[in-house]
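Biologist: I would like to learn how to read a model like this one. Can we go through it feature by feature?

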Amino acid sequence: MMTKILEVNDLNKKFGRFQALTNVSFSLNEGEVFGFLGPNGAGKSTAIRIILGLLRPSSGEITILGKDATKKIVKTHQNLAYVPGDVYLWPNLTGGEIIELLLKMGGHPRTKRVDELIQLFELDPRKKARTYSKGNRQKVALIAALSMDVALYIFDEPTSGLDPLQERHFQNEVLKLKAAGKTVLLSSHILSEVEKMVDRVAIIRKGQIVETGSLADMRKHAALYVHAKVQDSTVFEKFDQFKQDGDEISFTVTREQLPVVTGQLTLQGVSDLMVTPPTLEDLFMQYYDAKEGADEE
Ligand SMILES: Nc1ncnc2c1ncn2[C@@H]1O[C@H](COP(=O)(O)OP(=O)(O)OP(=O)(O)O)[C@@H](O)[C@H]1O
Ligand SMILES: [Mg+2]
C-alpha cells in the first residue's frame with residue numbers, strides 16, 4: 001500500500017463573499033513529486049497556506065503524515081519544509097544568518113549541506129538581506145529548505161526569481177529528494193517548468209481542480225493535431241480548430257475520433273498527412289482556456 005504523506009479533502013475557502021477554493025481534493029504519495037499547477041489567482045497559494053496551517057479553511061480536512069494538520073501544527077511543521085512564493089527576510093540579517101535562523105526555528109541541525117547549497121546556488125551569504133534581489137531572497141529560503149531533512153517539501157513557485165542555470169540546479173535538487181524517497185509539492189503556473197520533476201499534477205482553475213493525473217495520462221486524453229492535403233475538405237469543417245489554406249487543412253480530433261477520421265481522409269483523396277500529439281504547452285492551454293463558467297466576472 002502506498003503511504004499518503006499529504007491528503008487534502010474537500011477544501012473550501014471563502015474570503016468574505018469570494019469563494020477562493022471549492023471542494024479541492026488531492027493527495028501526495030510517499031516519494032512523489034506532485035505539480036500543483038494553475039494560472040494566476042487560481043488558488044494555489046491559498047491552498048498551500050491552508051495546508052501549512054497559516055490560513056483557516058472554511059471547511060475541509062488536511063492530513064499530513066496521517067495526522068490532522070489543523071491540530072498539533074508545531075509537531076507537523078517539524079516534518080515539513082516550505083518556501084513561499086514571495087520570500088520575506090529580516091532585512092538586517094545576512095543571508096547566512098537567516099539560513100541558520102530558519103533551521104534553528106524548525107529544530108533542524110546546520111549541516112555541511114548548507115555550504116554545499118550556498119556554493120551550488122552561488123549565494124553570497126555575508127550580505128544583508130535588504131541588499132538581495134528577488135532571486136537571491138528566494139535562494140536563501142531554498143537553501144534553508146533543501147538542507148532540512150524532512151518528509152514533505154512544499155515549494156510555492158520556487159523558481160520564479162531564478163535564472164535558467166539556478167533553475168536547473170533547483171530541479172536537480174528536487175530530483176535528488178525524489179531519489180531519496182522524499183515527497184515534494186511544487187506549485188507553478190508553467191507546466192514546462194515542473195515537467196522534468198513531477199510524477200503527477202493537479203490543475204487548478206478558479207479555485208477548482210479541473211484535472212489530476214500523470215502527464216502521460218493527460219496527453220492521452222488531449223486532442224491531436226491533424227494536418228492533411230485533401231481533394232475535398234467539406235466533411236472536415238465540423239472539427240475543432242478547422243483551418244484551410246488551399247488544399248491543406250488542419251484541425252484537432254480526439255484519439256477516439258482518429259480511426260473514423262483517417263477513413264474519411266482516405267475517401268477524400270488524402271495526399272499528405274501528419275498527426276501530431278499536443279505539445280506540453282498546447283496541453284496546458286486546453287485546460288487554461290477551458291469553457292468560461294457562468295461565474296465569470
Ligand atoms: N487574504 C485574502 N483576502 C481576499 N482574497 C484573497 C486573499 N488571498 C487570496 N485571495 C484571492 O484568492 C484568489 C486565489 O489567490 P492565490 O494567491 O491563492 O492564487 P495563486 O494561484 O497562488 O496565484 P499566483 O499564481 O498569482 O500566485 C485570488 O483571486 C486572490 O485575489
Ligand atoms: Mg501564488
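Modeller: Start with burial. A residue is buried under 20% relative accessible area, exposed over 50%, and partly exposed in between. Glu 173 has 4% relative accessibility, so Glu 173 counts as buried. Keep in mind that this is a predicted model.

Biologist: Which residue does Glu 173 meet in a salt bridge?

Modeller: Lys 176. The N to O distance is 3.1 Å. Both residues lie in helix H6, three residues apart, or about one turn of the helix.

Biologist: How many salt bridges are there in the whole structure?

Modeller: A search finds nine. The cut-off is a side-chain nitrogen of Lys or Arg within 4 Å of a carboxyl oxygen of Asp or Glu. Take Lys 182 and Asp 149, with 2.6 Å from N to O. Lys 182 sits in the loop between helix H6 and strand E8, and Asp 149 in the loop between helix H5 and strand E7, so the pair ties together parts 33 residues apart in sequence.

Biologist: Are Lys 182 and Asp 149 buried or exposed?

Modeller: Lys 182 is buried, at 18% relative accessibility. Asp 149 is exposed, at 61%.

Biologist: Which residues are joined into one network by salt bridges that share partners?

Modeller: First take one pair. Glu 100 and Arg 110 meet at 2.9 Å, N to O. Glu 100 is in helix H3 and Arg 110 in the loop between H3 and helix H4, so this bridge ties together parts ten residues apart in sequence. Glu 100 is partly exposed at 38%, and Arg 110 is partly exposed at 39%. The network joins Glu 100, Arg 110 and Asp 115.

Biologist: Why is helix H1 described as largely enclosed by the rest of the structure?

Modeller: Because six of its eight residues are buried. Among them are Ile 48, Ile 50 and Ile 51. Gly 53 follows H1, with a positive phi near 80°.

Biologist: Where does negative charge gather on the surface?

Modeller: In a patch of Asp 245, Asp 247, Glu 248 and Asp 272. Asp 245 belongs to strand E12, residues 240-245. Asp 245 is exposed, with a relative accessible area of 61%.

Biologist: And the overall layout?

Modeller: The chain has ten helices and 14 strands. Of its 297 residues, 44% are buried. The chain is divided into domain 1 (4-214) and domain 2 (223-276). Their centres, taken over C-alpha atoms, are 44 Å apart. The C-alpha atoms fill a box of roughly 70 × 45 × 40 Å along the principal axes.

Technical notes: Residues numbered from 1 in each chain as written. Chains lettered and ligands numbered in written order. Heavy atoms only, no water. Patch = residues over 30% accessible without salt bridge, like charges linked within 9 Å, V, L, I, M, F, W, Y side chains within 5 Å. Areas by Shrake-Rupley, 256 points an atom, 1.4 Å probe, with all protein chains shown as cover. Lys, Arg positive; Asp, Glu negative; His and termini not counted. Charge placed at Lys NZ, Arg CZ, Asp CG, Glu CD. Helix = DSSP H or I, 4+ residues; strand = E, 2+ residues; numbered from the N terminus. Buried < 20%, exposed > 50% of the residue type's maximum accessible area, 1.4 Å probe, protein only. Domains from an automatic or database assignment.
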